[in-house]
Amino acid sequence: MKIIMLGAPGAGKGTQAKMIAEKYSVPHVSTGDIFRANIKEGTELGKEVKSYMDQGLLVPDELTVRILLDRVSREDCKNGYILDGFPRTIPQAEVLEQELAKREEAIDFAIDVEVPDEEIIGRMTGRRACAGCGATYHVVHIPPRQEGICDACGKELILRDDDKLETVKKRLAVYHEQTQPLIEFYTEKGILRTIDGTAPMQEVFTVIETILGE
Ligand code: AP5
């Protein structure tokens, strides 16, 4: 099973991708998580991508595609995967399609999680991420037991640099311009499934289960 999660930044792609990965036993591959891990470890890749991410811009296609293809060529992806945050441009989608075609493979579903921009802004500026284990919270909807402290590992909760209001607005503009055209791209391939991402997380997941089957 090969699935792509589409949707604006903060639509809930990562939240649902983790739930799908657990239920269907396929790896959750997030280009954003790969980049953030490299920034945290101070690698050359991390240094290269940080300025793009902090400004709310996309990392260049050539670099992103290389990282993604390397990740999905690993052993744990041989029975499928969920791509969260990739592809984000038509050129990325085309390279992915060509690479899969070489192996006589294809994406099964592209799931578009729809959420209006105003709700996205509230979600992201309220999101807090654990600096230690990466768990995510929301100051109103999913507060930690103790303010500013991760329930899971006790480390500090931080506001991602790219979740600051001005950067969120920039990311939304980039999404509408560069990523939204993928909706038409996958509609034409007959694999797009659109779901309402404003429903509670478990309800959104139930709809996804209906699409993917038990
Ligand atoms: P990335 O990490 O992919 O960020 P994003 O797409 O902007 O997505 P997010 O992780 O912010 O949101 P999400 O949709 O996963 O939502 P989440 O589940 O966390 O990318 C970051 C950056 O890396 C990019 O800006 C770019 O620079 C670079 N990059 C990455 N991939 C790239 C690519 N392919 N090409 C070029 N550059 C790339 O949920 C958000 C919040 O909402 C959470 O607080 C959550 O708890 C809450 N929430 C989730 N679901 C619900 C619900 N149903 N109801 C209420 N709250 C909910």
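Strand S5 (residues 127-130) is joined to S6 by 3 bridges, and the two strands run antiparallel; strands here are DSSP runs marked E of at least two residues, helices are runs marked H or I of at least four residues, and both are numbered from the N terminus. Within this pairing, Ala129 stands opposite Thr136 in S6. The model is a predicted one, in which local features need pLDDT of at least 70 and side-chain atom pairs count only at pLDDT 80 or more, while totals for chains, interfaces and linings use all residues. Residues are numbered from 1 along each chain as its sequence is written, and side-chain values use heavy atoms, with hydrogens and water left out.

S5 and S6 belong to an open sheet of 3 strands in the order S6-S5-S7, with antiparallel pairing, where two strands pair if DSSP finds at least two bridges between them. Strand S6 (136-138) and strand S7 (157-158) each have a single partner strand and stand at the edges, so one side of each is left without a neighbour in the sheet. Helix H6 lies across S5 and S6 and runs at about 35 degrees to S5.

Elsewhere, two helices pack together. Such a pair is described by the angle between the axes and the distance between them. For helix H5 (residues 90-102) and helix H8 (residues 181-189), the angle is about 35 degrees and the axes are 9 Å apart; axes are lines fitted to C-alpha atoms, for helices over the stretch in contact, and angles run from 0 to 180 degrees between N-to-C directions. Ile90, Ala93, Glu94 and Glu97 in H5 meet Pro181, Leu182, Phe185, Tyr186 and Lys189 in H8, contact meaning heavy atoms within 4.5 Å. The residues of this contact between H5 and H8 divide into 6 nonpolar, no polar and 3 charged, where Ala, Val, Leu, Ile, Met, Phe, Trp, Tyr, Cys and Pro count as nonpolar, Asp, Glu, Lys and Arg as charged, and the others, Gly among them, as polar.

The ligand is surrounded by 33 residues, the closest being Thr15, Leu57, Arg88, Arg127 and Arg171, with a heavy atom within 4 Å as the cut-off. These shell residues divide into 15 nonpolar, 10 polar and 8 charged, and the largest share, 4 residues, comes from H2. A polar side-chain atom of Lys13 lies 2.8 Å from an oxygen atom of the ligand, and a polar side-chain atom of Thr15 lies 2.5 Å from an oxygen atom of the ligand.

Note on methods:
A polar contact is a pair of N or O atoms within 3.5 Å; within protein, one must be able to donate a hydrogen and the other to accept it, and residues adjacent in sequence count only if both atoms are side-chain atoms.
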